[in-house]
Amino acid sequence: QVQLVESGGGLVQAGGTRRLSCAASGSIFSINAMRWYRQAPGKQRELVAMITTGGTTNYADSVKGRFTISRDNAKNTVYLQMNTLKPEDTAVYYCNAEVKLISRATVDSWGQGTQVTVSS
């Protein structure tokens with residue numbers, strides 16, 4: 001009913017930048033909070049950043065001042081601008097969204113993930 005498709009991952013050198021995008025499509029009435037998570041090898045998935053419908057944001061301490069989350073409600077898309085990347089930012093990045101469907105049911109949707117690798 002809802003698909004989230006991430007893009008923008010890849011290989012980048014330490015200190016570089018990368019912009020991730022996540023577009024939602026399907027039987028969408030509205031989208032509440034949108035989030036970016038990441039999971040590094042051998043580690044648990046962690047919340048990186050969150051943005052509400054109104055634009056309020058929260059960040060993990062490890063990315064504050066370096067990453068910026070934003071959204072385009074008209075396009076049902078969320079972005080993650082990543083600056084001053086570090087090798088420890090290497091992970092698979094997942095998009096997550098609380099979606100209210102046309103049926104008015106609410107679902108918690110996930111993207112397939114996009115790999116970001118930061119070389120030292």
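This report covers aromatic contacts, strand pairing and the nonpolar core of one predicted model.

The model is predicted, so local features need pLDDT of at least 70, side-chain atom pairs count only at pLDDT 80 or more, and totals for chains, interfaces and linings use all residues. Residues are numbered from 1 along each chain as its sequence is written, and side-chain values use heavy atoms, with hydrogens and water left out.

A search of the whole structure finds 1 aromatic pair. Tyr37 and Trp110 form this pair, at 4.9 Å centre to centre with 50° between the planes, and it is tilted. Rings of Phe, Tyr and Trp (its six-membered ring) pair if their centres lie within 6.5 Å; planes under 30 degrees apart count as stacked, over 60 as edge-to-face, and the rest as tilted. The pair links distant parts of the chain: Tyr37 is in strand β4 (residues 28–39) and Trp110 in strand β10 (residues 106–110), 73 residues apart. Strands are DSSP runs of E, at least two residues, numbered from the N terminus.

Tyr37 is buried, at 18% relative accessible area. Trp110 is partly exposed, at 35%. Buried means under 20%, exposed over 50%, and partly exposed in between (1.4 Å probe, protein chains only).

Arg45 lies over the face of Trp110, 4.9 Å from the ring centre. The charged end of Arg45 also sits over the ring of Tyr94, 3.8 Å from its centre. The criterion is NZ of Lys or CZ of Arg within 6 Å of the ring centre and within 35 degrees of the ring normal.

Strand β9 (residues 91–101) is mostly covered, with 8 of its 11 residues buried. Two strands pair if DSSP finds at least two bridges between them.

| Pair | Sense | Bridges |
|---|---|---|
| β4 and β9 | antiparallel | 9 bridges |
| β9 and β10 | antiparallel | 5 bridges |
| β9 and β11 (residues 114–119) | antiparallel | 3 bridges |

Met34 stands opposite Ala97 in β9. Lys100 has Thr106 in β10 as its bridge partner. For Ala91, the partner is Val116 in β11. The hairpin of β9 and β10 has 4 residues between the strands, and there Arg104 takes a positive phi near 80°.

**Nonpolar core**

The largest nonpolar core has 30 residues. Such a core is a set of buried Ala, Val, Leu, Ile, Met, Phe, Trp, Tyr and Cys residues joined through side-chain atoms within 4.5 Å. Residues with the most contacts inside it include Trp36, Phe67 and Tyr93. β9 gives the most to this core, with 6 residues.
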